Amino acid sequence: MLAFIVRRLLALPLVLLALSLAIVGLLQFLTPEQRAVAFVQNEQQLRNLDKVIREKGLDQPFWVQYSNWLKEALRGNLGFSKASNKSVVETIKERFPATLELALFASVPIIVIGIWLGTLAALRKDSWLDQLARVFVVVAYNVPTFVMGILLLVVFYGFLGLAPGPGQLSPENQIALILNPVPRRTGMLSVDALLAGNWPVFLDVLRHLILPVITLTTVSSATLLKVTRSSMLEVLSQDYIRTARAKGLPDRVVNLKHARRNALLPVITLASFTVMGLLSGAVITETIFAYPGIGSWGAQAATLFDVPGIMGFAILTAIVTVVVNLATDILYALVDPRVRYD
Amino acid sequence: MRSRFLARLRRNRLAWLGIFLVSLYLLTALLAPLIAPPRPVGNNCLRDLGAKATAEVYNPLGPVFWKALFAAPASCYQIARVNYRPEPSPPLAPVETEAGVIRPLMGTSSGYDVFYGLVWGTRTALRLALVVVGLQFLVGVLVGAISGYFGGVVDNVIQRVVEVIFAFPGFVLLMVITTLLGPSLEHIILAFVLVGWAGYARVVRGEVLRVRALDFVEGARALGASHGRIILRHVLPNSLTAVTVVAVLDLGSVPLSAAALSFLGIGLPVGYADWGQLVAFARSWIQGPPGNPFGYWYVSFFPAMTIILFGLGWNLLGDAVRDALDPRGA
């Protein structure tokens, strides 16, 4: 098992190497001047593009450019992001916890709807609950994230005034936070505010999280629900379940211990899929709700042609995906004793 | 086999809804110039068609009719901008323009005619989907077939590349590639193909592995057929069913991803007729004017409905096709 983990972790640098090679490779389609614009930080540099090209070696052959980039990257310098007006590393440090916060809040309803509702829908097949689950899946599958987000905003903020508008905080709390900042411990504003005992800010952050969390939940839990339901139905029809019922075990034990544990095996493999969906979903959700995470930064970097920013964003995404995939595989081996990695 | 497929498809009532919706969108795309005809104001479509008045578009005896239908100039894909007032105007409300008062059917958003944008946007969406899926199919099937047929080192290398692509959230990859290539229709297509071929290659490879081991392939080889001939004439024709279903489903998902991209402002330039843009415009008009929270409902409602019904139609059709092809189904 340990050998497997180490081997997989060793693959991470290779994936990152391939990714960065591909990105720098794609940049070769541009002229040196276009590349230079991507690295410009102020107007002076913009007037003297030739100097930028020479300094950064942007007219050099591909492998020179790449080794320059790699040298800097290995020193922990991923460049300067125009989109956030900070270095890429600093931006990630600042914004990644916010995305994590959003994902953590979303993971609760995703698991509840996906696994709990999925199980119940299978146990009470064709009941009103099952129908509800089916409607939910159809809606979630057919409404793209950005349309869902906009419609939620239009209805609950615009029409009904029930939910707060885009942003992480209301203006008055933003001012309050500037005057009286909460100490940054985790980088997740809700947790930090809670730790500092700042209830108004804490509650305000939660209120602002409701619509983004609903958006992310809808798009991410549909597949989970569908797979849980069908996997559960399949397991419930098997002989050992009938045996368990025949020998008089209570329904609860049969359903949850005998059936669901086995039904969840294929669901675990979905975990990495779900996290990837969350990452893509975060780009759109954070943009719609003006949420200061890495997703909205990535989108901004893309619109501003902020190449260091978009590279940093891609590299971070790659790291997260590789780690999550690894965690999924390990979890799978832990849950299913038949799986061995040797 | 084929008739049973059709019979199953016919029995499925939801499939009919899917077929209806999809045909509606296909017709809208095809007949866009007749449904949302170019006006003398808003864009240069009419001028570039060589027409003086909108009526010429409806005359099948004149050249303008055919040109508009099958070779519309690029300027027609610019959403007609009837004025420069940022504020939306409601459906059918009169709008003052240089060419007199007009009444846009679904109102205007940032001065753009919403109806024109949605109708021509349908054309953009389906054009993009056809080109993208066609290229993805071509590249994916070829690479997948080579990977599965020859095996060994070739297969190994190709599969590693496929794994790297799969290990990455597709939308993020699409976003990164489109950004780095620079925004234009061609680059969006290229980005889609670079990201999407892997899915086809994986499906085809699996099928080719199965078919390769069958007796008739052995027979062809014994008769001295070349690798190319075996792949193209014997293996591939028997390996394409699954990948065709994937392609049909993708025709519905590519436009949605493209719309999401342009919603973020990546890809197509501002003003290009495309659904994502119109949803992006709606972001500024979430709240109605003071005292009337429902005031700007049309700005988000029409684009959102267009996108949702499109997704619904393709999904229903896709589900039905999958069910009908599934040998385990009743």
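Helix α12 of chain A (residues 239–246) lies largely in the open, because zero of its eight residues are buried. Buried means that 20 or more other C-beta atoms, placed from the backbone, lie within 10 Å of a residue's own. Helices are DSSP runs of H or I with at least four residues, strands are E runs of at least two, and both are numbered from the N terminus. Just after α12(A), Gly248(A) takes a positive phi of about 90 degrees.

The model is predicted: local features need pLDDT of at least 70, side-chain atom pairs count only at pLDDT 80 or more, and totals for chains, interfaces and linings use all residues. Residues are numbered from 1 along each chain as its sequence is written, and chains are lettered from A in the order in which they are written.

Now the interface. In chain A, 41 residues are in contact with 34 residues of chain B; contact means C-beta atoms, placed from the backbone, within 7 Å. α8(A) gives the most to chain A's side, with ten residues. By class, that side has 30 nonpolar, eleven polar and no charged residues. Here Ala, Val, Leu, Ile, Met, Phe, Trp, Tyr, Cys and Pro count as nonpolar, Asp, Glu, Lys and Arg as charged, and the others as polar.

Next, the core. A nonpolar core joins buried Ala, Val, Leu, Ile, Met, Phe, Trp, Tyr and Cys residues through C-beta atoms within 7 Å. The largest has 179 residues, and Ile150(A) and Val279(B) have the most contacts inside it. Its largest share, 16 residues, comes from helix α6 of chain B (residues 114–150). Beyond its neighbours within four places in sequence, Ile150(A) is in contact with residues including Ile288(A), Val279(B) and Ala304(B).

Methods:
A residue is buried if 20 or more other C-beta atoms lie within 10 Å of its own, exposed if 12 or fewer, and partly exposed in between; C-beta atoms are placed from the backbone. Two residues are in contact if their C-beta atoms, placed from the backbone, lie within 7 Å.
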